[in-house]
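Some notes on the packing follow, point by point. Please read them with the structure open.

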Amino acid sequence: MKARLSAAERREMILEAAGRAFSRGGYAGTSTDVVALEAGVSQPYVVRMFGTKADLFQEVFDRAVAALLTAFAAELEDPEVAASPEVWSRLGGVYNRLVENRDVLVVLLQGFSAAAGHPQIAAAARRFVSALYTLLVERTGCSPERAREFIANGMLLNALLAMNATEHADDPALAALAECALGHDCGFDVPEPE
């Protein structure tokens, strides 16, 4: 006999299923029916638990954001580490480990994409970028320009990873872009400059 899940466990199960579903189909292409099917529950149950599709997506997006911000904050906890020149490479490494779960990466991208047409999701995306910028500046003491550069390179890295650019290392343009994104080669074998 299968043990009955608590409400919290069912909620977690649905959020995980929603992350997978939104990662595959995007915000526009994923219905609450698809999420319900992925979770093995009824669609009315998903709606009862989360309300609208936008509310559900925002929770999935916010979870991905929280994972990223928590991981960065942990890396920046030691003021000596946060002030060191290696901090940017360390943060890049933290991010690379986090997005090994492709659903996290794609949900972040889907959030920025959906933000263009949905005010609720746009507000969540703005909160994320603001929190990330604030965390970087406050913990590292970096200039606004350095924080912007790090975030911009992170967005480039997101796009490269989403398009599976790492599987096309034979393209020198993609390899050069990957090298500049957060100072990591994203799985490319980039030759050292001569």
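1. The core. This is a predicted model. Its largest nonpolar core has 53 residues. Leu 56, Phe 61, Leu 68, Phe 72 and Leu 136 have the most contacts inside that core. At least two core residues come from each of H1 (7-25), H2 (32-39), H3 (43-50), H4 (53-75), H6 (87-98), H7 (102-115), H8 (119-140) and H9 (144-162). H4 gives the largest share, with 11 residues.

2. Leu 68. Take this residue as a way into the core. Leaving aside residues up to four places away in sequence, Leu 68 touches Tyr 95, Leu 98, Leu 108, Phe 128 and Leu 132.

3. Aromatic pairs. Searching the whole structure turns up nine aromatic pairs. One of them joins Phe 22 and Tyr 27, and this pair is stacked. The ring centres are 6.4 Å apart, with 20 degrees between the planes. Phe 22 is buried, at a relative accessible area of 0%. Tyr 27 is buried too, at 14%; it falls in that class because the value is under 20%.

4. Tyr 27 and Phe 57. Tyr 27 also pairs with Phe 57, edge-to-face. Here the centres lie 5.4 Å apart and the planes make an angle of 70 degrees. This pair links distant parts of the chain. Tyr 27 belongs to the loop between H1 and H2, while Phe 57 is in helix H4, 30 residues apart. Both Tyr 27 and Phe 57 are buried.

5. The ring cluster. Which residues do ring pairs link into a cluster? They are Phe 22, Tyr 27, Phe 57, Phe 61, Phe 112 and Phe 128.

6. Charges over rings. Lys 53 lies over the face of Tyr 27, 4.4 Å from the ring centre. Elsewhere, Arg 146 places its charged end over the ring of Trp 88, at 4.3 Å from the centre.

7. Helix H3. Tyr 45, Val 46 and Phe 50 are buried in H3. They cover an arc of only 105 degrees around the axis, so they sit on the same side of H3. The cover over the buried residues of H3 includes H1, H2 and H4. After H3 comes Gly 51, with a positive phi near 85 degrees.

Note on methods. Residues are numbered from 1 along each chain as its sequence is written. This is a predicted model: local features need pLDDT of at least 70, side-chain atom pairs count only at pLDDT 80 or more; totals for chains, interfaces and linings use all residues. Side-chain values use heavy atoms; hydrogens and water are left out. A nonpolar core is a set of buried Ala, Val, Leu, Ile, Met, Phe, Trp, Tyr and Cys residues joined through side-chain atoms within 4.5 Å. Buried means under 20% relative accessible area, exposed over 50%, partly exposed in between (1.4 Å probe, protein chains only). Helices (H or I, at least four residues) and strands (E, at least two) are DSSP runs, numbered from the N terminus. Contact means heavy atoms within 4.5 Å. Rings of Phe, Tyr and Trp (its six-membered ring) pair if their centres lie within 6.5 Å; planes under 30 degrees apart count as stacked, over 60 as edge-to-face and the rest as tilted. A charge sits over a ring if NZ of Lys or CZ of Arg is within 6 Å of the ring centre and within 35 degrees of the ring normal. The arc is that of the directions from the helix axis to the C-beta atoms.
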